[in-house]
Amino acid sequence: MKRSRYKEILKRPSWSPKQLAHYEQSRLRALLEHAAKNVSFYEKRLRQHGLTLRDLRRLKDLSFLPLTSMADLESDSKAFLARGVQRSECVGRCRPGESAQMLRVYLSPEENETREAIGRRIEVFNGLKGRHSCLMILPPNQIPPTSVSLGLGSWRERLLGGRRCCVPASETPPEQLRVLQRLRPACVAAPLWVLMRLAREVREDRPLRFRPRLLLSWGEPARASDREVLRETFGIAPTDVYRAWEFGTIAAECPQHNGLHINFDLVHVEIIRGERAAGPGETGEVVLTALANRTMPLIRYRVGDLATWKRDPCTCGWQGPVLEGVHGRVENAFVLPSGTFVTSRQFEDCLDQFTNVVAYRAIQTGRRKVEVLAVPGTLFQERTTQLLREKCLELLNNEVGVELRLVNELPILAGPRRQSILCKLPGVARSP
Ligand SMILES: [Zn+2]
């Protein structure tokens, strides 16, 4: 990527709200036009719903277009590729996870560079300079195959002195720590669970001999207690980043840690509650449109996360859209009959107060039915059962029935994330 182009990308966040809106609108219109003419999935979609491009002129018209999901991508991912695209000439970004099928989203090399550059802009905004090195700890299939460099292009690589390195998240914590101590990077970037595991290793074994300037964390939002552990271990609080493999870096905190700034030039973000758009402060499902991918357009795509719009602008003065927070996966939240989502974080904050409960998990099995499994500790008393039930009912607004079951241990679930809530409602029922 040319230096002048990278500089232009860096400057975009200083645009006025009017400029931001104009940019977003024009990109979106161009994308829709392109998709309607060149991508068979969207051609068919528009036809099926009796829509033409004339119906989709303004940003708010976008809501006429039906939602897309990963199931659509899985069933026929080729239908999302623009006509004439050769996959062999593109960069494929694949879905993380070892057991998952190798589902990919393709970008042209230029689009991939843009995605990388916009992703790195958050490092610059959080104080990193070109000379600073960065160590990323990534799932193995997310690591670029070519080299230690993530390929932003020649000039910046030189500035970095080739010190943009990746370590597989599958590597043992002692090995990750050894690399960290040797490289002493200015920035450490990894999913939260990896950082927490690394922090445990540092605390149990070898103290860190340096302090990174920036700690980027994603996958799930860091809790206050996680932040404290990371601050004590690394000497710096983590900066929350919201990423998705299909889209890249969607949003990230600024040094004020006061909400997540959206990368408005990479994705158009909607938050929906059923048919309508969520208002400020309301939690809903995230729907994304990739503005910088014409190779394989994803338009109004249900990414499967819950998030809340921030009520006020960020205190740093940034004029663009800001998320209050991202609250994990839709399937790890309750949805009440009134349409309110109760996130796993809210549930954990409520149940973590019970120090005499060793572990717990709640499963929503019906629109009005939640089953709570709890592993009692040694100080567990008879009346704790009653208190637990009351607290759960209060949290769930008394809208659903709560059945509490005491168990010796919780069934083990796959995946690194703590899953305190499982929502077993089918997708349609999940939408309020
Ligand atoms: Zn800010």
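This report covers the overall fold and the zinc site of a predicted model.

## Basis

Local features need pLDDT of at least 70 and side-chain atom pairs pLDDT 80 or more, while totals for chains, interfaces and linings use all residues of this predicted model. Numbering runs from 1 along each chain as its sequence is written, and side-chain values use heavy atoms, without hydrogens or water.

## Overall fold

The chain holds 12 helices and 20 strands (DSSP runs: H or I, at least four residues, for helices; E, at least two, for strands). Its radius of gyration is 23 Å, close to the 22 Å from the globule rule for 432 residues, so the chain is as compact as a globular protein of that length. The radius is taken over C-alpha atoms; the rule is 2.2 Å times the number of residues to the power 0.38.

Buried residues make up 54% of the 432. Buried means under 20% relative accessible area, exposed over 50%, and partly exposed in between (1.4 Å probe, protein chains only).

## Zinc site

Four side chains coordinate the zinc ion: C254 (SG), H261 (NE2), C314 (SG) and C316 (SG), at 2.1 to 2.3 Å. Donors are N, O and S atoms within 2.8 Å of the metal (3.2 Å for Na, K and Ca); water is not among the atoms, so sites may look incomplete. The donor angles are 105 to 115°, which makes the arrangement tetrahedral (four donors, all angles between 85 and 135 degrees).

Along the chain, the donor spacing is C-x6-H-x52-C-x1-C. C254 sits in the loop between β8 (248-253) and β9 (260-262), and C316 in the loop between β13 (301-309) and β14 (322-329), so the pair ties together parts 62 residues apart in sequence. C254 is buried, at 5% relative accessible area. C316 is partly exposed, at 36%.

Terms used: Tetrahedral: all angles 85-135°; square planar, octahedral: opposite > 155°, others 65-115°.
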